[in-house]
Each structure stands twice: as C-alpha cells, then as structure tokens.
Amino acid sequence: MQEFRYRQAKTVESALRANGTYLAGGTTLVDLMKLNVLQPALVVDVNPLPLAQVEALPGGELKGGLRIGAMVRNSDLANHPAVKQNYTVLSEALLSGASPQLRNMATTGGNLLQKTRCYYYRDTNYACNKRQPGSGCPAIDGFNRIHAVLGGSAECVATHPSDMAVAMMALEATVHTQGPGGERAIALKDFYLLPGTTPEKENVLEPGELITHVTLPAPESGTRSHYLKLRDRAQYEFALASAAVVVRLHGRRMERVRIALGGVGTRPWRSAEAERSLEGREATAENFRKAADAAMKDAKPLKYNSFKVELAKKALVRALETAAQTEQRG
Ligand code: SF4
C-alpha cells in the first residue's frame with residue numbers, strides 16, 4: 001500500500017473543500033488500496049457526515065417517496081420497515097450481497113460506486129484499460145467467464161458488481177449530489193456510462209462531487225417486486241446473472257413493468273425492450289419468456305461466458321413469476 005494522507009470531514013462543505021478521495025464504508029476502497037489498484041494521495045473520511053437517515057419524503061405514507069442518506073449502511077437499509085414493506089426488491093437485493101459483516105459497513109453511496117470484480121483490474125501484474133487507460137484489456141481474449149455480455153466495448157467488458165444498484169434501477173431511483181458546481185439530481189438510468197473508449201470513466205460524477213442521498217419514487221398500489229440472484233455459491237458471491245422486477249398488476253394484466261439485470265452488463269442493465277414487451281399483456285409464462293428473449297437479444301457473449309445469456313433469461317422469467325404470484329405490495 002502506498003502512503004496517503006487522511007482527513008475527516010464533519011460537514012459536506014468541508015468534504016468538498018478537502019478535494020480528495022472519499023472513504024465511506026471502505027469495503028471497496030481499502031481493498032483496492034491494499035492491492036495498489038487505487039493510490040489516492042488524500043483520503044477524506046466522510047463517515048462523520050449527517051447522511052445516515054432513511055426518511056419518508058413529505059406527503060404522508062410514502063406518497064412523496066423515500067430519501068436514503070448516502071451513509072446509510074446496507075444492512076440498515078435492507079432491514080428498514082419501509083423498505084421491506086414497500087420496496088421489497090431493494091431489501092432482497094441488499095440481503096443477497098456480500099456477507100453480514102460487509103453489509104454492516106458498506107454504504108448506499110459507496111455501493112453505487114463499487115468497482116468491478118474483473119480479475120485483471122484487481123491484479124496490477126496485468127494490463128487494464130480501466131486501471132491504466134490505453135494499456136489493453138486482457139479479459140477480451142483471456143478468461144472472461146464473469147464478464148459482460150451486454151454493453152461491452154473493444155476496450156472493456158467488465159461487469160458492474162452491485163446488486164443494490166440493479167434494484168434501484170428498476171425502482172427508478174434518483175441520485176443526489178453536491179459538488180464544486182452545486183447540487184444535482186441525476187436519474188440513476190443516466191448515472192452510469194458505457195465503457196466505450198473511456199472505461200476509466202464509469203459514471204457522470206465530476207471530480208470532487210459527493211453523493212449525498214438517493215430518492216425513490218412513491219410505491220404504487222398494486223405493485224409487486226422481486227430480486228433474484230444466480231451465482232456460483234449461495235452466499236458471499238457476486239451475481240453471474242440477476243434480475244430485479246417491479247410489476248403493477250390489474251388482475252392478471254401487467255399495467256406497468258420495470259426490469260433491470262445484474263451480472264451481465266457493463267452497468268446495471270435496465271431493459272426497456274423487456275418492459276415494452278410485457279406492458280398491457282397478461283402475466284403468463286409465454287409472455288415472460290418473450291420478455292427475456294427481448295432483454296438479451298443484443299447480447300454478445302465472449303469465449304467463456306455464453307452461458308450467461310440463458311442464465312439471465314431464466315433469472316428474469318423466474319423473477320417475473322415470483323413477483324406476479326406474490327400478494328405483497330412493493
Ligand atoms: Fe480492465 Fe475492463 Fe479489461 Fe477488466 S474488462 S481487464 S476492467 S479493461
């Protein structure tokens with residue numbers, strides 16, 4: 001690990017002024033600093049910031065939606081009654097991630113900014129365009145079992161690792177930030193960038209910009225949701241394919257559907273094609289399968305990950321079946 005300076009910020013303004021790399025739960029940053037993948041000169045600890053609340057926005061009974069502070073721990077968010085009851089997909093996604101110890105540390109803001117698990121990115125003995133722009137991508141012709149089949153480029157095919165972000169994508173979350181240019185509200189669907197020719201730039205945050213909170217829209221009545229994660233082992237493992245679905249049913253008719261996939265895309269993957277293929281139709285196995293085909297129609301598998309195409313389809317069909325059967329709201 002390289003030497004670095006450390007500073008604690010007690011206010012958002014002092015964090016911005018410090019102009020360093022933000023440390024929240026540390027579950028990504030500290031790991032990658034130990035591996036010399038990230039070498040910040042100044043670490044700004046934002047743990048003292050007053051951003052650890054989950055609050056209903058004005059409107060009564062969540063009609064204004066939910067505000068989640070950037071420092072809310074993953075375990076607190078997953079187990080918050082309003083989240084369990086009204087945003088089930090988010091609670092399920094959080095509880096499927098990492099281990100209890102990690103969830104007790106990891107934060108909402110940090111989870112959105114998780115770094116890829118690409119083996120080559122995490123090993124400085126290898127080239128990596130994301131770590132060192134222009135150096136090459138050994139994953140494209142190398143061992144690429146865990147890599148992306150959607151959204152990849154000739155420069156990078158790394159998957160985004162977050163479960164939480166996939167659920168938030170299906171819930172149409174908004175990310176709120178504060179930075180040198182003031183405050184911004186960014187729809188999560190516009191937050192992540194495709195790798196293109198600049199895989200080192202993963203999102204639209206400007207240097208120094210800090211995530212302060214995330215908002216979720218009000219839950220709609222008649223809505224059910226579910227997160228299904230498929231992986232090599234049952235716990236403490238990243239997704240090979242996952243599906244987050246939010247469905248509003250009227251009888252058996254699907255009035256509104258939101259779908260996002262994890263483990264298969266270079267960013268948490270919202271599928272407008274799958275949503276369009278379901279809205280206005282009956283909740284049937286045949287329609288679910290058609291939606292899964294639509295979601296994966298642009299997939300470009302690599303040598304070792306073609307299995308992900310069918311796996312993602314199965315995850316989506318199963319998640320839709322489960323959501324359509326459940327009686328609970330959210
Ligand atoms: Fe680096 Fe992306 Fe290639 Fe992995 S897939 S080695 S992160 S450029």
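In this predicted model, Cys-128 is buried, with a relative accessible area of 7%. Cys-118 is likewise buried, at a relative accessible area of 7%. Neither can belong to a disulfide, because a disulfide requires a pair of cysteine sulfur atoms within 2.5 Å and the structure holds zero disulfides.

In soluble globular proteins, nonpolar side chains tend to be buried together. Here the largest nonpolar core has 38 residues, and the members touching the most others are Leu-66, Leu-77, Leu-90, Leu-112, Met-168 and Leu-188. Two or more residues each are contributed by strands E5 (66-69), E8 (210-216) and E10 (241-250), together with helices H3 (74-78), H4 (81-86), H5 (88-95) and H9 (164-170). Helix H9 supplies the largest share, seven residues. Beyond its neighbours within four places in sequence, Met-168 is in contact with Ile-68, Leu-77, Leu-90, Thr-108, Leu-112, Ala-173, Leu-188 and Val-214. Another core, of 32 residues, lies apart from this one and includes Leu-249, Leu-261, Trp-269 and Ala-295.

Leu-240 sits in the loop between strand E9 (223-230) and E10, and is buried, with a relative accessible area of 7%. Setting aside residues up to four places away in sequence, Leu-240 touches Arg-145, Ile-146, Leu-230, Arg-231, Asp-232, Gly-262, Gly-263, Val-264, Phe-307, Lys-308 and Leu-311. Met-1, by comparison, is found in the segment before strand E1 (5-8) and is exposed, at a relative accessible area of 51%. Together with Phe-4 and Tyr-6, Met-1 makes a nonpolar surface patch of about 320 Å².

Charged side chains complete the picture. The count comes to 24 salt bridges, and one network of them links Glu-172, Glu-220, Arg-248, Glu-255, Arg-256, Arg-258, Arg-270, Glu-275 and Glu-279. Glu-275 lies in helix H10 (residues 272-278) and Arg-258 in strand E11 (residues 253-262), so their pairing ties together parts that are 17 residues apart in sequence. Both Glu-275 and Arg-258 are buried, Glu-275 having 5% relative accessibility. Arg-270, in turn, counts as partly exposed, at 22% relative accessibility. A salt bridge also joins the side chains of Arg-248 and Glu-255 (3.0 Å, N to O); here Glu-255 is partly exposed, with a relative accessible area of 30%.

How values were computed:
Residues numbered from 1 in each chain as written. Predicted model: local features only at pLDDT ≥ 70, side-chain atom pairs only at ≥ 80, totals over all residues. Heavy atoms only, no water. Core = buried A, V, L, I, M, F, W, Y, C linked by side-chain atoms within 4.5 Å. Buried < 20%, exposed > 50% of the residue type's maximum accessible area, 1.4 Å probe, protein only. Helix = DSSP H or I, 4+ residues; strand = E, 2+ residues; numbered from the N terminus. Contact = heavy atoms within 4.5 Å. Patch = residues over 30% accessible without salt bridge, like charges linked within 9 Å, V, L, I, M, F, W, Y side chains within 5 Å. Areas by Shrake-Rupley, 256 points an atom, 1.4 Å probe, with all protein chains shown as cover. Salt bridge = Lys/Arg side-chain N within 4 Å of Asp/Glu carboxyl O.
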